[in-house]
Amino acid sequence: MKYTLSILVENQAGVLSKISGLFSRRSYNIDSLAVGVTTDPTVSRITVVANGDEYVVEQLEKQLNKLIPVIKVKRLIEGEFISRELSLIKVHSSSTKRFELLKIAELMNAKIVDVAASTVTFEYCETAEKTQILIDLLKPYGIREIVRTGTVAIDKGKAEVTA
Amino acid sequence: MISGADIMVKCLEAEGVDTVFGYPGATICPFYDSLYDNTNIKHILVRQEQNAAHAASGYARACSRPGVCVATSGPGATNLITGIATAYMDSIPMIAITGQVRSDLLGRDVFQEADITGACEPFTKHSYLVEKTEDLPRIFKEAFHIAKTGRPGPVLIDIPQDLQENEIESFEYPETVEIKGYKPNTNGHLVQIKRAVELIKSSKRPLIVAGGGVLSSGAKLKLQKFAEMTQIPVLSTMMGIGVMPSDHPLYLGMLGTHGRKSANSALHKADLTIVCGARLGDRAIAAPDQMGNKTKVIHIDIDPAEIGKNVKTTVPIVGDMNNVMKRLIENIDGYTIDSQWDEEVKDLKAHYQSKISTFDGYVEPRTLISKLSFMLKSKAILCADVGQNQIWCANNFRIREGRFLTTGGMGTMGYSVPAAIGAKMARKTRDVVVVCGDGSFQMSLNELSTIAQNNLNIKIIVMRNHRLGMVRELQDKCYKGRHSATILNDEPDFVALAKAYGIDSAEVSSNEEAEKFVKNIVESDKPFVLVCNVHPDTPSIL
Ligand SMILES: Cc1ncc(C[n+]2csc(CCOP(=O)(O)OP(=O)(O)O)c2C)c(N)n1
Ligand SMILES: [Mg+2]
């Protein structure tokens, strides 16, 4: 089961290592982790996407809550939140293939942000699932490099994660 | 103007600390210098930093206040780790203070730099690497608050030398703490408590399993009262020993791999188990994950993460044992257990009355420990080490109003002697006795020097079987009796060794002799080491 956690933490040295340490120590697997500051500069928000059964998620939430700098942990409910991930994907492109790649970009609503003699670079801001589709489409052309930010997520409507 | 080091001392004073255990070195020198003319805080110089942490643990458990240990950076700090980890696993409130290299040199791998907050991350409840002298009062206030509230645990404060030397305008100790992410829930949800009461009333064969949380929350007498009101029988975990007087008619003893058969078999028959302040690790219940299938479980714990971790729970109650017990007592109105269950339990207790076999020319440790209980004052503190000696104590020491200190969570050999030093410093008028094995004694016998230097009245009973007995026993059971690295032949003469430290000592080979010595030494106010020759085939349990 894949799940998404939103974690508010005090913005102090070592917080990230405390959180990532907790995952590795208790052998929970992380798919992605993204951090950034919130409207309150002393508070950061971490989005973690991970895999595990109900027992693991529940344990994880509780263990995270035990960390002193962790202010709040919320499991986002499937279908009730928006998630996005930014990716930059550099694809091999001979001049003959360039047009096909442009078509894929158009079809998937991706941006082309760099074109060079032998490469085309895509910028894509979507869910992790859609990003995977784009990657699968581009694979046959030869992907040189991928950089992904990891998923960030926010509740739909007026629900929110506050301290 | 006031220096960081003076502030550290003042913070400790503000927290009412009267004793610290430590070992100096360059980067903690400013603090030691401030301590030099202080008359409110006594410093006990241990002989290895690990023992400073164990002593702080013994101190904390004996007087229910955080214990404080101090070490220098680098090797001093890393030596503390085992002690800190032990306190973490045993949920003991502790403040560990370490010196650190100058803040401008941090991260350059200079002499005696060690990332101690990083290294201790998995075994501290929280840690601080101090960045500014101004932060010290707030950090100390928070550290003590965190260590002693909620589920107790060790908090580490790592302080670069220059921040101890820096001077700031003035010192003011904060009165309150505000930590956004730390608000332990102590009350216990009333709805859950009502559900628990209903469950208890509808049960036929309820049982209480009491753990260390009952002792650390100071809810011992409340739990006793609840058990007496309802007549529900009580088992304890290793850390929970002392929750009930050992000879209380409702007490069945310690459960688990090394526990009493009557206790384990009662657990199998129960239809409701009320788990109080215990995590129920794998040594307490062989297959804790299956327990919830056979019996309903009410789990009361201050740490929400413990509930549902090892045992399936029917009614979870997060809260301080004191509050929860009080409410259970208020709400249970007149319920008492079925007489049939009462009889079954009494039968179990009688059925498993143990008959102990003895070896001529040796001390029988279980009989001795049981006798010892009544030669000590009723509030005696017994510190047991790890190994067979620990199991002998756990099952045979007849505790009355005193304490049984051992490391049930971590099982760190060498715990007992330094823990006794801490306990004695906290409770000077109580009898403090150590029972350890010959292996574990040799892990901390350097502390005889601390005992001698401070003339601490601690009696040490070494159960010498010339074996790492408990591991040897395991090898007999699971490794075809191949005693790989568990034989301690050619041991030193412990009596001569104790005397070399200036501590009187004797060796005995029978219970009569041993009892005669015990009778005499408990009268004296001097430390003593009694070496008991125990037959290597004496088992942990029957
Ligand atoms: C620091 C540490 N190292 C190793 C062990 C593993 N261990 C558990 S019991 C034991 C034997 C203890 O021997 P001794 O102190 O003589 O006690 P006995 O079992 O003989 O009574 C050992 C080695 C441990 N618990 N702690
Ligand atoms: Mg031994």
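How many salt bridges does the structure hold over all chains? I got 36. This is a predicted model, so I keep that in mind for everything below.

**Chain A pair**

I started with Arg75(A) and Glu54(A), whose side chains meet in a salt bridge at 3.1 Å, N to O. The pair links distant parts of the chain: Arg75(A) sits in strand E4 (residues 70-76) of chain A and Glu54(A) in helix H2 (residues 54-66) of chain A, 21 residues apart. I looked up cover next. Arg75(A) counts as partly exposed at 25% relative accessibility, and Glu54(A) counts as partly exposed at 41%.

**Chain B pairs**

Next I checked Arg151(B), which forms a salt bridge with Asp303(B); the closest N and O atoms are 2.9 Å apart. Arg151(B) is in the loop between helix H6 (136-148) and strand E7 (154-160) of chain B, while Asp303(B) is in the loop between strand E13 (296-301) and strand E14 (315-318), 152 residues apart. Both Arg151(B) and Asp303(B) are buried.

Then I went to Asp247(B) and Arg398(B), whose side chains meet at 2.8 Å, N to O, in a salt bridge. Here too the pair links distant parts of the chain, 151 residues apart: Asp247(B) lies in the loop between strand E10 (234-236) and strand E11 (251-254), and Arg398(B) in the loop between helix H16 (388-396) and strand E16 (403-405) of chain B. Asp247(B) counts as exposed because its relative accessibility is 51%, whereas Arg398(B) counts as buried at 18%.

I also followed shared partners. Salt bridges join Lys66(A), Arg151(B), Asp303(B), Glu306(B) and Lys309(B) into one network.

**Surface patch**

Last, I looked at surface charge. Asp6(B), Asp33(B), Asp37(B) and Glu167(B) gather in a patch of negative charge on the surface. Asp33(B) is found in helix H2 (residues 29-36) of chain B. I noted Asp33(B) as exposed, since its relative accessible area is 57%.

Key. Residues are numbered from 1 along each chain as its sequence is written. Chains are lettered from A and ligands numbered from 1 in the order in which they are written. This is a predicted model: local features need pLDDT of at least 70, side-chain atom pairs count only at pLDDT 80 or more; totals for chains, interfaces and linings use all residues. Side-chain values use heavy atoms; hydrogens and water are left out. Patches are made of residues with over 30% relative accessible area and no salt bridge: like charges are joined within 9 Å, nonpolar side chains (Val, Leu, Ile, Met, Phe, Trp, Tyr) within 5 Å. Accessible areas come from the Shrake-Rupley method with a 1.4 Å probe; for residues, only the protein chains shown count as cover. A salt bridge is a side-chain nitrogen of Lys or Arg within 4 Å of a carboxyl oxygen of Asp or Glu. Lys and Arg count as positive and Asp and Glu as negative; His and the chain ends are not counted. The place of a charge is taken as NZ of Lys, CZ of Arg, CG of Asp or CD of Glu. Helices (H or I, at least four residues) and strands (E, at least two) are DSSP runs, numbered from the N terminus. Buried means under 20% relative accessible area, exposed over 50%, partly exposed in between (1.4 Å probe, protein chains only).
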